[in-house]
Amino acid sequence: MAEVSLRKVFKRYEDVEAVRGIDLDIADHEFVVLVGPSGCGKSTTLRMVAGLEDVTDGDIMIGGDVVNDVPPKDRDIAMVFQNYALYPHMTVAENMSFGLRLKHYPKTEIKARVNEAARMLDIVELVDRKPKQLSGGQRQRVAMGRAIVRNPKVFLFDEPLSNLDAKLRVQMRIEIKKVHQKVRTTTIYVTHDQVEAMTLADRVVVMNKGRIEQIGTPNDLYHNPATLFVAGFIGSPAMNFLPCRLEEIAGKLNVRLTDRIAFPLPLGRATRYQNVGRAEKLLLGLRPEHITEASASARSGIEAFDAVLDVTEPMGMETLVYFTLEGTQVCGRVNPNACARDGGSLRLAVDLNNMHLVNQTGAVI
Amino acid sequence: MSTIAIEKAGPRRKVKYGSMRHDRAWALRWSYFFLTLFAIFALVPPIYMLITSLKSSAEISAATNPWWVFHPTLSNYIELLSSNQFLRFFLNSALVSVAVVIITMLISVPAAFALARMKFWGSATLATGVFLTYLVPDSLLFIPLFKMFVLLGDWTGVQLINRWYVLLFIYPTLTVPFCTWIMIGYFASIPKELDEAALIDGASWLQTLTRIFIPVALPGLIAATIFAFTVSWAQFLYPLVFTTSTDQLVLPVGIITTLIKGDVFNWGQIMTGALLGAAPPLIIYAFLMDYYIAGLTAGATKG
């Protein structure tokens with residue numbers, strides 16, 4: 001068990017800068033997920049922590065010791081790979097015990113540890129099989145078992161669920177969370193799937209273009225994104241962004257979307273945006289769940305308008321509706337009983353109490 | 001109603017297009033035709049050898065049907081197998097081939113691992129260079145090599161010419177480049193994550209090679225072994241040049257030098273010797289093929 005710290009970590013390849021000065025502190029027992037689009041440097045960062053890539057600049061510390069020049073085997077880490085990386089000629093038990101056997105652990109202890117891990121992962125009856133006799137989900141369990149038996153300071157997961165089908169991914173996600181609850185080992189988990197990030201993490205680190213965009217709890221990132229990138233990346237369907245500006249109408253602050261549409265801001269938001277320039281070009285960020293069918297009762301900050309729907313997507317528990325506003329496609333979530341249909345019109349309402357304003361530098365105000 | 005329509009459409013389509021089954025049948029016919037052709041082509045010489053080896057010298061020189069044995073005899077086999085000289089050739093060949101296989105594997109497997117995995121400056125160029133050396137024909141090399149060993153003998157006093165073990169230095173120049181090339185291919189096909197996992201599990205480079213790479217690349221190792229053995233066993237030019245005394249000869253050269261006396265060809269024994277000489281590689285193929293399990297890497301990663 002140990003904390004992990006990254007101090008101004010850089011990784012440069014010949015002509016590419018993959019990681020550009022990352023600062024990150026991961027507490028003992030914490031489950032941190034690095035998330036971002038492909039090529040954002042998240043896997044490179046993880047591989048640097050593992051010791052599989054050299055650090056160009058900066059320091060990586062595990063348990064307080066700088067490990068930049070420590071080989072992977074001496075870092076006391078375990079890694080689970082996207083494609084499992086099981087040794088094909090060994091049985092499940094041999095795969096799991098390989099690291100321990102190299103370190104000449106007593107046979108009885110190896111057996112005990114393998115059995116315990118196998119029980120935890122529900123693969124007891126598979127221990128004598130070869131990897132090729134296992135399904136994808138079972139192979140990933142074995143890969144996790146191989147990590148668990150070593151009882152390392154840090155678990156590293158490199159997109160471990162990307163090769164599994166959607167249903168199995170959900171199942172394994174829960175398994176991983178359960179395992180972490182049991183063993184409480186500090187974990188760094190890399191994924192490009194923001195749902196995985198949100199569901200697994202104690203804290204999520206959103207990365208983009210080699211830099212950290214924001215670090216926070218899943219709820220924090222969802223409700224208070226710091227940048228346009230985070231706001232757009234976290235959440236599915238993604239947040240809607242509409243060009244807008246602020247305008248004073250009859251002494252009240254309004255957000256003007258088009259010549260015809262302007263919504264008065266609720267009191268809280270009006271105070272918050274009081275000092276924003278009135279001529280400044282802004283983006284109004286609204287999550288789909290804050291664009292719903294209009295209800296009869298009026299509340300502060302809920303503003304109704306009519307929309308002609310382009311497409312509707314019934315999801316069962318809700319219906320996603322898509323309409324166009326000044327050339328921008330907007331997504332809303334309505335009740336399945338709201339009579340939304342393709343090409344039909346519907347009275348919708350936006351909840352401005354949950355709006356975000358993004359300025360031209362990409363920062364959420 | 002709709003079901004009936006589909007049923008009607010089914011057979012009609014088959015008759016009209018039916019391309020898959022029809023094409024397959026023709027493809028099979030052509031394959032069998034060519035396979036038979038090649039089988040005849042490949043089998044006629046050994047069958048002729050077998051027939052001739054069962055004939056007496058008198059029957060061979062008589063103008064009878066060469067494809068039939070009228071008075072089968074094992075005399076050629078008995079004579080050869082009871083001749084100390086022939087057994088000496090056999091033993092020399094076996095010693096040389098086994099030793100060359102071991103030397104080749106000891107050099108080319110670590111070399112291939114280094115070239116395939118430990119990315120160092122110039123490793124890619126070196127890998128290509130290794131293969132290019134294989135393309136130099138041995139008929140070009142034997143004169144300079146001969147000179148080299150004569151000089152070496154003059155300088156050090158260690159006489160290697162006309163000793164069977166000189167071949168242990170020479171054959172690897174033929175086997176190592178190609179075996180290294182084969183192994184580079186096999187090692188390169190092993191997913192990178194496998195050695196990274198081993199590295200994290202605490203394995204050294206040598207342990208990664210011996211405990212992960214060699215078992216996983218076993219089919220490649222067997223292919224390389226078969227190649228090295230066949231090359232050593234069948235090599236003719238080098239032993240002909242480098243060894244002359246009858247007790248130092250290997251089988252192919254031994255058969256030719258001792259069974260052809262002037263213009264007298266002892267065909268019966270030549271064919272018997274060739275047939276007996278072809279047996280060990282055949283046995284080794286048959287034995288190793290059992291272990292040549294394709295797709296051993298299945299299951300390592302998402303396939």
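## Contact between the chains

In this predicted model, the contact takes 25 residues from chain A and 21 residues from chain B; two residues are in contact if their C-beta atoms, placed from the backbone, lie within 7 Å. On the side of chain B that touches chain A, helix H9 (192–201) and helix H10 (205–216) of chain B each supply at least two residues. H9(B) gives the most to that side, with 7 residues. Helices (H or I, at least four residues) and strands (E, at least two) are DSSP runs, numbered from the N terminus.

Residues are numbered from 1 along each chain as its sequence is written, while chains are lettered from A and ligands numbered from 1 in the order in which they are written. Because the model is predicted, local features need pLDDT of at least 70 and side-chain atom pairs count only at pLDDT 80 or more, whereas totals for chains, interfaces and linings use all residues.

## Confidence

The model scores ipTM 0.84 and pTM 0.81. Chain B averages a pLDDT of 85, and 89% of its residues score at least 70; pLDDT is the predictor's confidence in each residue, from 0 to 100. In chain B, confidence is highest in helix H5 (residues 84–117), at a mean of 93, and lowest in helix H1 (residues 2–16), at 47.

Two stretches of chain B can be named here. Over residues 1–10 of chain B pLDDT stays under 50, and the model has 0 contacts beyond four places in sequence for them. Over residues 295–300 of chain B pLDDT also stays under 50, with 23 contacts beyond four places in sequence. Where pLDDT is low, the predicted coordinates should not be read in detail.

## Chain B

Chain B has 14 helices and 2 strands. The domain assignment, automatic or from a database, gives domain 1 (2–46) and domain 2 (78–289) of chain B. The centres of these two domains, taken over C-alpha atoms, are separated by 43 Å. Of the 303 residues in chain B, 31% are buried. A residue is buried if 20 or more other C-beta atoms lie within 10 Å of its own, exposed if 12 or fewer, and partly exposed in between, with C-beta atoms placed from the backbone. Among contacts in chain B between residues at least 6 apart in sequence, 76% join residues at least 24 apart.

In H10(B), the buried residues are B:Thr208, B:Leu209, B:Arg211, B:Ile212, B:Phe213 and B:Val216. They pack against H5, H8 and H9 of chain B. B:Ser245 lies in the loop between helix H12 (237–242) and helix H13 (251–259) of chain B. B:Ser245 counts as exposed because it has 9 C-beta neighbours inside 10 Å. The C-alpha atoms of B:Ser245 and B:Trp164 are separated by 9.5 Å, although the two residues are 81 apart along the chain.

## Nonpolar core

The largest nonpolar core has 156 residues, of which A:Val33, A:Leu156, A:Ile188, B:Met183 and B:Phe187 touch the most other members. Such a core is a set of buried Ala, Val, Leu, Ile, Met, Phe, Trp, Tyr and Cys residues joined through C-beta atoms within 7 Å. Helix H8 (residues 167–188) of chain B gives the most to this core, with 13 residues. Not counting residues up to four places away in sequence, B:Met183 touches B:Ser108, B:Val109, B:Ala112, B:Ala217, B:Gly220 and B:Ala224.

## Chain A

Chain A is divided into domain 1 (4–226) and domain 2 (240–358). Their C-alpha centres lie 40 Å apart. Helix H1 (residues 42–50) of chain A is mostly covered, with 9 of its 9 residues buried; among them are A:Lys42, A:Thr44 and A:Arg47. A:Gly51 follows H1(A) and has a positive phi, near 95°.

## Sheet in chain A

In chain A, 5 strands form an open, antiparallel sheet in the order S15-S19-S16-S17-S18. Strand S15 (291–293) and strand S18 (328–334) of chain A are the edge strands, each pairing on one side only. Two strands pair if DSSP finds at least two bridges between them.

Strand S16 (residues 302–314) of chain A is joined to strand S19 (residues 345–351) of chain A by 7 bridges, and A:Asp306 stands opposite A:Arg347 in S19(A). Another 5 bridges join S16(A) to strand S17 (residues 319–325) of chain A, where A:Leu320 is the bridge partner of A:Glu313. S16(A) and S17(A) form a hairpin with 4 residues between them, and A:Gly316 in the turn has a positive phi of about 100°. S17(A) and S18(A) pair over 7 bridges, and their hairpin has 2 residues between the strands.
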